[in-house]
Amino acid sequence: DPKGVAEFLKLMGLDPLEVVSAMELAPQEQEGMVVLTTVEKLFTQYLDLFGKPTREFLKKLVPYAMDIMEKVAIAELTLDRKTEEFQDKQARACTYADYLTEFKSLKIPTDKYVELMPTIKQ
């Protein structure tokens with residue numbers, strides 16, 4: 001969904017034309033070769049931005065929340081006592097993009113998205 005990706009990048013303050021390494025995602029043609037892509041392609045072709053996140057994903061988000069209240073809110077969604085709330089969000093088809101844009105204080109370095117999100121199933 002290129003339009004959805006463009007909207008997400010704008011909301012997150014990410015430069016779609018920034019060049020990033022895709023070493024972990026794309027096979028290297030030759031030994032020692034560097035695989036580069038743009039941020040736009042990273043989110044359009046490689047990362048599953050509109051997939052359903054797990055609680056594990058939320059646990060990984062906590063350190064990137066700059067606001068203490070948001071940090072607590074994200075962490076709480078991973079707790080057993082908040083299972084119902086998390087499942088409700090799952091039932092409403094909340095995506096990685098939804099969570100990432102819901103918590104406004106998230107400051108995630110561009111290269112860390114690869115560690116946070118799964119790749120699109122080919």
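Buried residues make up 39% of the 122 residues in the protein chain. The model is predicted. Its secondary structure amounts to 7 helices and 2 strands. The largest nonpolar core holds 32 residues.

**Fold and dimensions**
- The order of elements along the sequence is α-β-β-α-α-α-α-α-α.
- The C-alpha trace spans about 50 × 30 × 25 Å along its principal axes.
- Of the contacts with a separation of 6 or more, 64% join residues 24 or more positions apart.

- Nonpolar side chains tend to be buried together in soluble globular proteins.
- In the largest nonpolar core here, the residues that touch the most other members are Phe 8, Phe 43, Leu 100, Tyr 113 and Met 117.
- At least two residues of this core come from each of helix H1 (2-12), helix H2 (39-46), helix H3 (55-61), helix H4 (68-77), helix H6 (96-102) and helix H7 (113-116).
- Leaving aside residues up to four places away in sequence, Leu 100 touches Phe 8, Met 12, Leu 49, Phe 57, Leu 61, Leu 106, Ile 108, Tyr 113 and Met 117.

**Surface and charge**
- The protein chain carries 21 negative and 16 positive side chains.
- The centres of these two sets of charges lie 5 Å apart.

Technical notes. Residues are numbered from 1 along each chain as its sequence is written. This is a predicted model: local features need pLDDT of at least 70, side-chain atom pairs count only at pLDDT 80 or more; totals for chains, interfaces and linings use all residues. Side-chain values use heavy atoms; hydrogens and water are left out. Helices (H or I, at least four residues) and strands (E, at least two) are DSSP runs, numbered from the N terminus. Buried means under 20% relative accessible area, exposed over 50%, partly exposed in between (1.4 Å probe, protein chains only). Contact means heavy atoms within 4.5 Å. Lys and Arg count as positive and Asp and Glu as negative; His and the chain ends are not counted. The place of a charge is taken as NZ of Lys, CZ of Arg, CG of Asp or CD of Glu. A nonpolar core is a set of buried Ala, Val, Leu, Ile, Met, Phe, Trp, Tyr and Cys residues joined through side-chain atoms within 4.5 Å.
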